[in-house]
Amino acid sequence: MEISIEEKKAIAVIKNYLNVEWEDSYILSEYDFAVDQLIQNAKSAKSADIKSISEGNQSISYKDNSGAWTVTDDIKAMLPKPYIKLFY
């Protein structure tokens, strides 16, 4: 099974958030819904992240902790708590 570029990005974000070094295939099999949600959020991130727009002097504010390939609250709810490494 070939993993797409978007899936690789989502898997990397999830690995970083969970602080794990699991195989990509494991994350795809166990957390496929979180991978899919990350991809959907990244595709729709451009307009959904705008908090307010002002036309005088063209000011745009964005939501905090937003952007493409960000672990948002909806994705955190689909994943386990991040792992803490006590030794290296």
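1. Glutamate 6 touches Ile39 and Trp69, leaving aside residues up to four places away in sequence. This glutamate lies in helix H1, and with a relative accessible area of 34% it counts as partly exposed. The model examined in this note is a predicted one. In this model, the C-alpha atom of glutamate 6 is separated by 9.9 Å from that of lysine 43, although the two residues are 37 residues apart along the chain.

2. The overall architecture may be stated next. The protein has five helices and two strands. Read along the sequence, these elements follow the pattern α-α-α-α-β-β-α. Of the 88 residues in the protein, 26% are buried. Among contacts between residues at least 6 apart in sequence, 58% join residues at least 24 apart.

3. The packing of H1 against H3 deserves a separate point. Two packed helices are described by the angle between their axes and the distance between the axes. For H1 and helix H3, which spans residues 32-43, the angle is about 110 degrees and the axes are 9 Å apart. H1 is therefore roughly perpendicular to H3, because angles of 65 to 115 degrees count as roughly perpendicular. The crossing of these two helices is right-handed.

4. Which residues of H1 and H3 meet? From H1 come Glu6, Glu7, Ala10, Ile11, Val13 and Ile14, and from H3 come Ala34, Val35, Leu38 and Ile39. By class, this contact has eight nonpolar residues, two charged residues and no polar ones.

5. Valine 35 is found in helix H3. Is valine 35 buried or exposed? Its relative accessibility is 3%, so it counts as buried, the limit for that class being under 20%. Leaving aside neighbours within four places in sequence, valine 35 is in contact with Glu7, Ala10, Ile11, Ile14, Ile27 and Leu28. The C-alpha atoms of valine 35 and lysine 8 are separated by 9.1 Å, while the two residues are 27 residues apart along the chain.

6. Isoleucine 3 is placed in the segment before helix H1, which covers residues 5-18. Residues up to four places away in sequence not being counted, isoleucine 3 touches Lys8, Ile11, Asp24 and Leu28. Computed along the sequence, isoleucine 3 and leucine 28 are 25 residues apart, whereas in space the C-alpha to C-alpha distance is 9.2 Å. Leu28 is also among the contacts of valine 35.

7. Tyrosine 17 is likewise placed in helix H1. With a relative accessible area of 22%, tyrosine 17 is partly exposed. Beyond residues up to four places away in sequence, tyrosine 17 touches Val71, Lys76, Leu79, Pro80 and Pro82. Tyrosine 17 and lysine 76 are 59 residues apart in sequence and 9.1 Å apart in space, C-alpha to C-alpha.

8. Asparagine 19 should be noted for its backbone. Most residues other than glycine have a negative phi. What is the phi of asparagine 19? The value is near 60 degrees, which is positive in a residue other than glycine. Asparagine 19 is in the loop between H1 and helix H2, the latter being residues 24-30. Its relative accessible area of 32% makes asparagine 19 partly exposed.

9. The aromatic residues form the last topic. A pair of aromatic rings is described by the distance of the centres and the angle of the planes. With centres within 6.5 Å as the rule for a pair, the count comes to four aromatic pairs. Tryptophan 22 and tyrosine 26 form one that is edge-to-face, at 5.1 Å centre to centre and with 80 degrees between the planes. Tyrosine 31 and phenylalanine 33 have ring centres 6.4 Å apart and planes at 75 degrees, so this pair is also edge-to-face.

10. Tryptophan 22, at 23% relative accessibility, counts as partly exposed, and so does tyrosine 26, at 36%. Tyrosine 31 is buried, with a relative accessible area of 13%, whereas phenylalanine 33 is partly exposed, at 41%. Ring pairs link Trp22, Tyr26, Tyr31, Phe33 and Tyr83 into a cluster.

Terms used: Residues numbered from 1 in each chain as written. Predicted model: local features only at pLDDT ≥ 70, side-chain atom pairs only at ≥ 80, totals over all residues. Heavy atoms only, no water. Helix = DSSP H or I, 4+ residues; strand = E, 2+ residues; numbered from the N terminus. Contact = heavy atoms within 4.5 Å. Axes fitted to C-alpha atoms, helices over the stretch in contact; angles between N-to-C directions. Parallel < 35°, antiparallel > 145°, perpendicular 65-115°, else oblique. Left-handed = near helix turned anticlockwise from the far one by under 90°. Nonpolar A, V, L, I, M, F, W, Y, C, P; charged D, E, K, R; others polar. Phe/Tyr/Trp six-rings, centres within 6.5 Å; stacked < 30°, edge-to-face > 60°. Buried < 20%, exposed > 50% of the residue type's maximum accessible area, 1.4 Å probe, protein only.
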